[in-house]
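Please look at the structure below before reading on.

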Amino acid sequence: MKEQIQQRANELQEQLVEVRRHLHRYPELSFQEHQTAAFVLEQLNSYGIDAKLHSETGIVALIKGENGDSDRVLALRADLDALPLQEKSDKNYCSEHSGVMHACGHDVHTTSLLGTAMILHDLRSSFAGTVKFIFQPGEEKLPGGASIMIKNGVLKDPEPQAILGQHVFPDLEAGKVGFRAGKYMASCDEIYLTVKGKGGHGALPHKVIDPVLIGSHIIVALQQIVSRRSNALLPTVLSFGCFNANGATNVIPDEAKLEGTFRTYDEEWREEAHKLIRQIAEQTAGSMGASCEVKIEKGYPFVYNDPLLTDQARSDAEAYLGKENVVDLEMRPTGEDFSFYTHTLPGTFYRLGVRNELKGITSAVHTTTFDVDEACLSVGSGLMAWLAIQNLKR
Ligand code: NI
């Protein structure tokens, strides 16, 4: 079976490169993936795979194994959306949509899952059980396409018992993959603070309530949440990347706006920290005669990789790629809406190596020069097909 999948994945490689380059040329922003979804639907249908639109710009497809009866259902997921970046590339598949770019590899995830679907469709007479393919919109934008598709019933009828997802990883060479059991990626929430004081002439500070100084105090005071209030064993991040007061050298403005991100790996602590942020910001402002409006936009929960499912997938991956090509991942405080699935059913989110230093492919995701070694396409699609078949056997 392994050899069959590897051979089929290699045969598909050229076609997958074409698919990936098409997707890369015509990226679409979150929840606007109309052309992308139509393209994926057409690819699946023309291969004889039963698929339909879901949640406007998502696709769900089903492949039923024909080697006996089984109630087992496994879901496999990819994301379709691109980012608002202007690509810098001299490749002929550079984005043709100005200001939009597949800078997070979702073109690779989509192509790879299409390849997996083709392989499993070809091999359907040799496994039992059902594979549900989820091509979801809007991974990059709140509230996350995953949460919308789940609300719209993507995990019902038939109901999967587990879900697998993969993401490109430019730290890892093409040909390798990485796994991590347990907590993997962080919850991420957006913090918006508006400090309201009273503006005036910079030369007459006794006549103003200075929102710039008070905002500075708030940022410093909030750091105690990480250094004093959080459990030292639980990773927590609080970063402010925007402090906008819009005054001048001699003008103190009426208000200052601060924007930041809060990340962690525990739902209870996450709730408590939100309360602390609110309390410390409001009270610090109040103690200096100002007020602070606090808005916290809840983002994605943390990604929890089911330990048993992850260990099984990891050893299946070793059998498929060789021990030397499977690595352990560190925790990573970036966010990912795959987390919504992992809080609903056992799931594992693993990383697909795409790096190739000899070819100069080293750029990080979310940068204007991000690219992948396309050798990852047959690896990604073949491995996922293999993981699916192994999982359905259990
Ligand atoms: Ni991504």
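How many bridges join strand 1 to strand 2? There are five, and strand 1 (residues 50-54) and strand 2 run antiparallel.

## Basis of the description

This is a predicted model, in which local features need pLDDT of at least 70, side-chain atom pairs count only at pLDDT 80 or more, and totals for chains, interfaces and linings use all residues. Residues are numbered from 1 along each chain as its sequence is written, and side-chain values use heavy atoms, with hydrogens and water left out.

Helices (H or I, at least four residues) and strands (E, at least two) are DSSP runs, numbered from the N terminus. Two strands pair if DSSP finds at least two bridges between them.

An open sheet of eight strands is arranged in the order 1-2-4-3-5-16-6-15, and its pairing is mixed. Strand 1 and strand 15 (326-328) are at the edges with a single partner strand each, so one side of each has no neighbour in the sheet. On average, neighbouring strands of this sheet are turned by 25 degrees against each other, direction ignored. Axes are lines fitted to C-alpha atoms, for helices over the stretch in contact, and angles run from 0 to 180 degrees between N-to-C directions.

Strands of a sheet pair through backbone hydrogen bonds, in either the parallel or the antiparallel sense. The bridge partner of Asp-79 in strand 4 is Gln-136.

Is strand 2 largely enclosed or largely open? Five of the seven residues of strand 2 (residues 58-64) are buried, so the rest of the structure largely encloses this strand. Buried means under 20% relative accessible area, exposed over 50%, and partly exposed in between (1.4 Å probe, protein chains only).

Helix 2 (residues 34-46) lies across strand 1, strand 2 and strand 4, at about 165 degrees to strand 1. Helix 9 lies across strand 3, strand 4, strand 5 (162-173), strand 6 (177-179) and strand 16 (347-355), and runs at about 155 degrees to strand 16. Contact means heavy atoms within 4.5 Å.

Helix 2 packs with helix 3 (residues 106-122) at an angle of about 15 degrees, and their axes are 10 Å apart. Helix 2 is therefore roughly parallel to helix 3. Angles under 35 degrees count as roughly parallel, over 145 as roughly antiparallel, 65 to 115 as roughly perpendicular and the rest as oblique. The contact is made by Val-40, Gln-43 and Leu-44 of helix 2 with Thr-110, Leu-114, Ala-117 and Met-118 of helix 3. These residues divide into five nonpolar, two polar and no charged. Ala, Val, Leu, Ile, Met, Phe, Trp, Tyr, Cys and Pro count as nonpolar, Asp, Glu, Lys and Arg as charged, and the others, Gly among them, as polar.

Helix 7 (residues 307-321) and helix 9 (residues 376-393) pack at about 125 degrees, with their axes 10 Å apart. The two helices are therefore oblique to each other. Residues in the contact include Leu-309 and Tyr-320 of helix 7, and Trp-386 and Leu-387 of helix 9. By class, this contact has ten nonpolar, three polar and one charged residues.

An open sheet of four strands has the order 10-12-8-13 and antiparallel pairing. Strand 10 (236-244) and strand 13 (291-297) are its edge strands, and each pairs on one side only. Strand 8 (residues 187-196) and strand 13 are joined by seven bridges, and Tyr-192 stands opposite Lys-295 in strand 13.

Helix 5 (residues 211-229) packs on the sheet and touches strand 8, strand 10, strand 12 (255-264) and strand 13. Helix 6 lies across strand 8, strand 10, strand 12 and strand 13, at about 160 degrees to strand 13. Glu-272 is found in helix 6 (residues 267-286). With 42% relative accessibility, Glu-272 counts as partly exposed.
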